[in-house]
Amino acid sequence: MTREPQRDSETGSGERSEPRPIDWTDSDTFARALERVETREKGNCFEDFAEGDLLAHDPGLTLTRWGNESWMSQTLNHDPAYWRSDAAAERGFDEPPIHPDYLTAATLGITVEDLSEKGGYFLGRTDVRFPGTPVYAGTELRVESEVVSTATSSSRPEFGIVTWRTRGKDAATGEVLCSYERTNMIPRREPVATDGGGSATAADADGDEDGSDLPETFVTPTGGFFEDFVDALETAKGRDAAVAYRHERGRTQDDVTVASLPLATLNTAKQHHNADVMGDSPSGDIVTYGDVTRSTALGHARSDERTWREVGFDDEKFHTFVAPGDTVYAFTRVLSADNDASIDVAGTVRFEHIAFNQDDKPVYSGTRIAEIRKRTA
Ligand SMILES: C/C(=C\C(=O)SCCNC(=O)CCNC(=O)[C@H](O)C(C)(C)COP(=O)(O)OP(=O)(O)OC[C@H]1O[C@@H](n2cnc3c(N)ncnc32)[C@H](O)[C@@H]1OP(=O)(O)O)C(=O)O
């Protein structure tokens, strides 16, 4: 069978001509080519975001038992209701559900490609709520974000600060399962002139560095039930005292926590899996996904309490990097305990949790509202 010769678009000769061969294995040739070609960039810069913009994120994710169990096991979250069907039934669940931590991490992971893949830093998050829980394995997640604000960073001219409101929805019903407001530092295409400001350090904000603004006494609850938190707060009341304690467990960061867990949530932030690029960054290495750090600290805290239900999280901040080899520990302060939970068998406790590293440096802080089981229930 004969075929019509295709016209060559460059020569018009009528003969098909292959592109000129290039020896890509010659390292000089290849290096010069890399210098001259354009890079097909990923992600958006600060200038690409404007207040009120709506973004529907393309990636979707089916929340699976495997994803949930990987996340929860690697971050030491062992609440039986998320692992055992009898414990789940006792808590009123049809089966072990998807944990709010994994739901939060998956909701955020899906957004990274559009919101923060360009780089920068996850600074903080607030108003994390779960209006649609319980969520079960098999639920398909769709996520959308709205730009709440954009601001110039006075201390870092090469970055801007962007806040988004994100909602993770059940793709089948449209019900909002998880929502929060998150703030990142995002690289600018063009640096701006700033006052060179620089904000106060944690030490400035917190008062004396030697800890002299600390209370005289720290009270530790005698157990993990709601009544134990009430009693400890009662003991501290009217004295120069706080209910605060550290948790014994630590989790050293490894390939699984630093790279595998974020990738399993479709989080494409190069911070977690591109050691080549991150070698030249301020951290000098890949860093742990903020949600892994936070879940790990919360896992340590939950191991010392009888959690009934997670209600929400506020004022979350990421203070410094966590890198492979670093160990994540946790410290908890109990802020209040009120008998106003959604169910009689539990009470509401508000905690402040600090994740810290092997050098006792805080890496994450945030407040948490959780319903804690009553001993008398
Ligand atoms: C997801 C995801 C990525 C990740 O998960 S990365 C891992 C988690 N995040 C981190 O490891 C970041 C840890 N933080 C740091 O290392 C430092 O905070 C950082 C980013 C190097 C900044 O250090 P600075 O000392 O420069 O910090 P400042 O406290 O002065 O903050 C710089 C400016 O940001 C403003 N800011 C800070 N926190 C918030 C906040 N929660 N909300 C709004 N604005 C905030 C602060 O006021 C400073 O503003 P200036 O105008 O003074 O510049 C992913 O990629 O999505």
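The cover over the buried residues of helix 6 includes strand 7 (217–219), strand 8 (241–252), strand 10 (327–338), strand 11 (346–356) and strand 12 (362–373), where contact means heavy atoms within 4.5 Å. Helices (H or I, at least four residues) and strands (E, at least two) are DSSP runs numbered from the N terminus. The model is predicted, so that local features need pLDDT of at least 70 and side-chain atom pairs count only at pLDDT 80 or more, while totals for chains, interfaces and linings use all residues. Residues are numbered from 1 along each chain as its sequence is written, and side-chain values use heavy atoms, with hydrogens and water left out.

In helix 6 (residues 226–236), Phe226, Glu227, Asp228, Phe229, Ala232 and Ala236 are buried, that is, under 20% relative accessible area with a 1.4 Å probe and protein chains only. Just after helix 6, Gly238 adopts a positive phi of about 75°.

Helix 4 (residues 100–115) packs against helix 10 (residues 290–302) at an angle of about 175°, with the axes 10 Å apart. Helix 4 is therefore roughly antiparallel to helix 10, a term for angles over 145 degrees on a scale from 0 to 180 degrees between N-to-C directions, with axes fitted to C-alpha atoms over the stretch in contact. Helix 4 contributes Asp101, Thr104, Ala105 and Leu108 to the contact, and helix 10 contributes Asp291, Arg294, Ser295, Leu298 and Arg302. By class, this contact comprises 3 nonpolar, 2 polar and 4 charged residues.

The structure contains 0 disulfides, defined as pairs of cysteine sulfur atoms within 2.5 Å. Cys45 is buried at a relative accessible area of 6%, and Cys178 is buried at 0%.

Technical notes:
Buried < 20%, exposed > 50% of the residue type's maximum accessible area, 1.4 Å probe, protein only. Parallel < 35°, antiparallel > 145°, perpendicular 65-115°, else oblique. Nonpolar A, V, L, I, M, F, W, Y, C, P; charged D, E, K, R; others polar.
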